[in-house]
Amino acid sequence: MSAIIDKVLQSESELEAFAGELASLASAGLVIYLRGTLGAGKTTFARGFLRGLGYSGVVKSPTYTLVEPYSFSASLTCYHFDLYRLVDPEELEFTGVRDYFNDTSICLIEWPEKASGYLADADIECELEYHQQGRKMKLSSCSAKGERLLLQLQAD
Ligand SMILES: Nc1ncnc2c1ncn2[C@@H]1O[C@H](COP(=O)(O)OP(=O)(O)O)[C@@H](O)[C@H]1O
Ligand SMILES: [Mg+2]
């Protein structure tokens, strides 16, 4: 049970727009892992996603704070994680990370591999890589919820 979307995004704005489309179909209670090397476009994806949810301010990677919350309503907060600098995943426990995964949150997680075992499972995995002047992206679903969302995105 898995849906897959492969796509080439020629520019930063194309990648942002595509992530925004996904966001416009998404609902709370969702976890997305963002994978790829430095500069692959993970933060760009998160920025586009947040814009798609209606956020218009600056989105920077929370490299030193590990997580940045964006509150949209009582029933939706989006948490953007950047775990690149995480040395000991126990550190995450102290930030109360488990409370971030609930049915009023959407979690976007850069470098999830730095904290495996400490995070909720992903509904969707997004893998980004360099491709000519742009980026190649592979979205894969890892849950029924993620699958429904990707099928809806494909149908749009
Ligand atoms: N689809 C794309 N095509 C070309 N350049 C891109 C694309 N997406 C992002 N970039 C550029 O790549 C750089 C790094 O992106 P970023 O999202 O910060 O990567 P990461 O968070 O994976 O380290 C930015 O300068 C951005 O402009
Ligand atoms: Mg980043």
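Two strands pair if DSSP finds at least two bridges between them. Helices (H or I, at least four residues) and strands (E, at least two) are themselves DSSP runs, numbered from the N terminus.

The model on screen is predicted: local features need pLDDT of at least 70 and side-chain atom pairs count only at pLDDT 80 or more, while totals for chains, interfaces and linings use all residues. Residues are numbered from 1 along each chain as its sequence is written, chains are lettered from A and ligands numbered from 1 in the order in which they are written, and side-chain values use heavy atoms, with hydrogens and water left out.

**Stop 1: the sheet.** Show the strands. An open sheet is formed by 7 strands, in the order β1-β7-β6-β2-β5-β4-β3, with mixed pairing. At its edges are β1 (4-9) and β3 (67-73), each of which pairs on one side only. From one strand to the next, the twist averages 15°; axes are lines fitted to C-alpha atoms, for helices over the stretch in contact, and angles run from 0 to 180 degrees between N-to-C directions.

**Stop 2: β6 and β7.** Select residues 124-131, which are strand β6; 8 bridges join β6 to β7, and the two run antiparallel. Now pick Ser141, in strand β7 (residues 134-141). Opposite Ser141 stands Ile124. Ser141 counts as buried because its relative accessible area is 5% (buried means under 20% relative accessible area, exposed over 50%, partly exposed in between, with a 1.4 Å probe and protein chains only). A polar atom of the Ser141 side chain lies 2.8 Å from the backbone nitrogen of Ala3.

**Stop 3: two helices.** Select residues 12-25, helix α1, which lies across β1, β2 (30-35), β6 and β7 and runs at about 150° to β1. Then select residues 144-155: helix α4 lies across β1, β2, β6 and β7, at about 130° to β7.

In helix α4, pick Leu150. Is Leu150 buried or exposed? Its relative accessibility is 0%, so Leu150 is buried. Not counting residues up to four places away in sequence, Leu150 touches Ala3, Ile5, Leu22, Ile124, Leu139, Ser140 and Ser141 (contact means heavy atoms within 4.5 Å).

Stop 4: Thr43 is in helix α2 (residues 42-53) and Glu110 in strand β5 (residues 105-110), 67 residues apart. Thr43 is buried at 17% relative accessibility, and Glu110 is buried at 2%.

Note on methods
A polar contact is a pair of N or O atoms within 3.5 Å; within protein, one must be able to donate a hydrogen and the other to accept it, and residues adjacent in sequence count only if both atoms are side-chain atoms.
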